[in-house]
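Colleague: I have a few minutes. Could you walk me through this structure?

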Amino acid sequence: MKKILSVISLLSCLSFYAQELSYQDALRYSFDDIQGTSRFRAMGGAFGALGGDMSAVSINPASSVVFNTSHASISLDVNSLKNDVDYFGTVNTNNDTDINLNQAGAAFIFVNSNPNSKWNKFSFSLAYDIANNYENNWIAQGTNTNNSIADYFLGYAQGLRLDEISALPGESLSNAYDDIGSVFGFSHQQAFLGYEAFVIDPALNNDDNTFYNSTIQGNSFDQRFIYAANGYNGKLAINLATQYDSKLSLGINLNAHFIDYTRSTLFTESNTNTNSTTDFVDFRNDLYTTGAGFSVQLGAIYNVTNNLRAGFSYNTPTWYRITEESSQYLASREAGTNNVDIVNPNVINIYPEYRLQTPGKITGSLAYVFGKRGILSLDYSLKDYSGITFRPTSDPFFAQENRNIENLLGQAATLRIGGEYKIKQLSLRAGYVNEESPFQDNPLYGDLQRYSAGLGYNFGDLKLDLSLAQTQRDTSFQLFQVGLTDSPAIDTNRTDVTLTIAYSL
């Protein structure tokens, strides 16, 4: 029957996009945490009214023309990540270290030789920065007294016909999994896994059945969730800027964005509950995401006095086109035996491309320059995360997720403060960042706090800078979108050491 209906089902199916996309995915690609040069990081990234640094271009496009001569820099970052993960009272601590080439760029300055023109100079720049580093590994482990992994498969299976989530006689599990995904989509595939691995059973063993029971009973489930991710979100800016009458600087960035993200999760559950006919489940999921996007930035810096500078910049939303691939594995063990049922399709699901619009941002900045002795600067940004939009909006699944985002997320402000003090060729720096939670009301997703310090030495045309930044944020991660929706609480502390070599061309 499944084969007979396949063509009709293919035409009538409303959504094939419904792999487990959610606000968590939207936020991952919406955060813009420019790592930048050592000087930029040491001063908290408060460069909206300043120049003299390649990563300042990522905040305000007008900053590139502040350079007196052409300039280039490259940066290496070593970051150490510590996650304390609390899952039903059991805390696991995980540590990881990663090394990245996180910044590279050059600005070319052209001075106007016409003495009658008030347009003093122009700049053309290329600036690459890692906007977000996805390297992250942690383990959540504890005893869940509410939800089992069987609830995940039941959540997808209830209401679906048995002949739409099962293999035909003589059909391999790989072919059935592939066909069901192609014809019916993600939800049916999850129900298929649960049924074929005997985690769920139909109430009636016939094609018309639409109700299912769990083979896992009780209210005590020992669970372990291993999360391993890597990748990055990179941004390449093509920058043009000009300066008028030595007071007003104007600039524009045309930004190309790149997403490369890989995530592997392993979930295991065991139980000794009475009446459970399944006592162990092993569920694995792999995801690979690539994407490309585009955005525009406009910026201005005005020298109010010889010492006081004001800056303003606007970032348009970023428009991404994203593709995803996934693979799955499920195994279960019959209680009290060594009998293991394995569903390993060895199939890579390739989902249709979807579009994601991440929010724009406005930034206002002030900086005071104490002659040649020091700088004090401040940036204040606003970003409305409720404007995140999955597209096409005509897709029912995306429409629902967009409504969820509107209800969950809101406007968030970011405050950046930085300072620098010079002693001859030596520069001492410090910074602070407070980034509000994007959630309207979520106690498990807190504000980001960052403290930083650094120093630099000017050898003339060559400059060496070193910085240390400590970042902390409490978050939560929902394990699955259906059934087993519990969320471990994660206290993340990140330490970054950044070295930059800069050269005046």
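**The largest pocket**

Modeller: The lining of the largest pocket divides into 10 nonpolar, 18 polar and 12 charged residues. Here Ala, Val, Leu, Ile, Met, Phe, Trp, Tyr, Cys and Pro count as nonpolar, Asp, Glu, Lys and Arg as charged, and the others, Gly among them, as polar.

Colleague: What kind of model is this, and how are residues numbered?

Modeller: This is a predicted model, where local features need pLDDT of at least 70, side-chain atom pairs count only at pLDDT 80 or more, and totals for chains, interfaces and linings use all residues. Residues are numbered from 1 along each chain as its sequence is written, and side-chain values use heavy atoms, with hydrogens and water left out.

Colleague: Back to the pocket. How much space lies in it?

Modeller: About 980 Å³. A pocket is an open set of points on a 1 Å grid over the protein atoms alone, where a 1.4 Å probe fits, with protein on both sides within 12 Å along at least five of seven lines; lining residues have an atom within 4 Å of a point. The volume is the space filled by probe spheres set on the points, which are joined across faces, edges and corners.

Colleague: Which residues are closest to its centre?

Modeller: Of the 40 lining residues, those are R39, G51, G52, K422 and K463.

Colleague: Switching to charges. How many salt bridges are there in the whole structure?

Modeller: The search finds 14. A salt bridge is a side-chain nitrogen of Lys or Arg within 4 Å of a carboxyl oxygen of Asp or Glu. R429 and E420 form one of them, at 2.6 Å from N to O.

Colleague: Are R429 and E420 buried or exposed?

Modeller: Both are buried, meaning under 20% relative accessible area with a 1.4 Å probe and protein chains only; exposed is over 50%, and partly exposed is in between. Salt bridges with shared partners also join R39, E420, R429 and D465 into one network.

Colleague: What about R28?

Modeller: R28 pairs with D25, with the closest N and O atoms 3.1 Å apart. Both residues lie in helix α2 (residues 23-30), three residues apart, about one turn of the helix. Helices are DSSP runs (H or I, at least four residues) and strands are too (E, at least two), numbered from the N terminus.

Colleague: And why does D163 count as buried?

Modeller: Because its relative accessibility is 5%. The side chain of D163 meets that of R161 in a salt bridge (3.0 Å, N to O).
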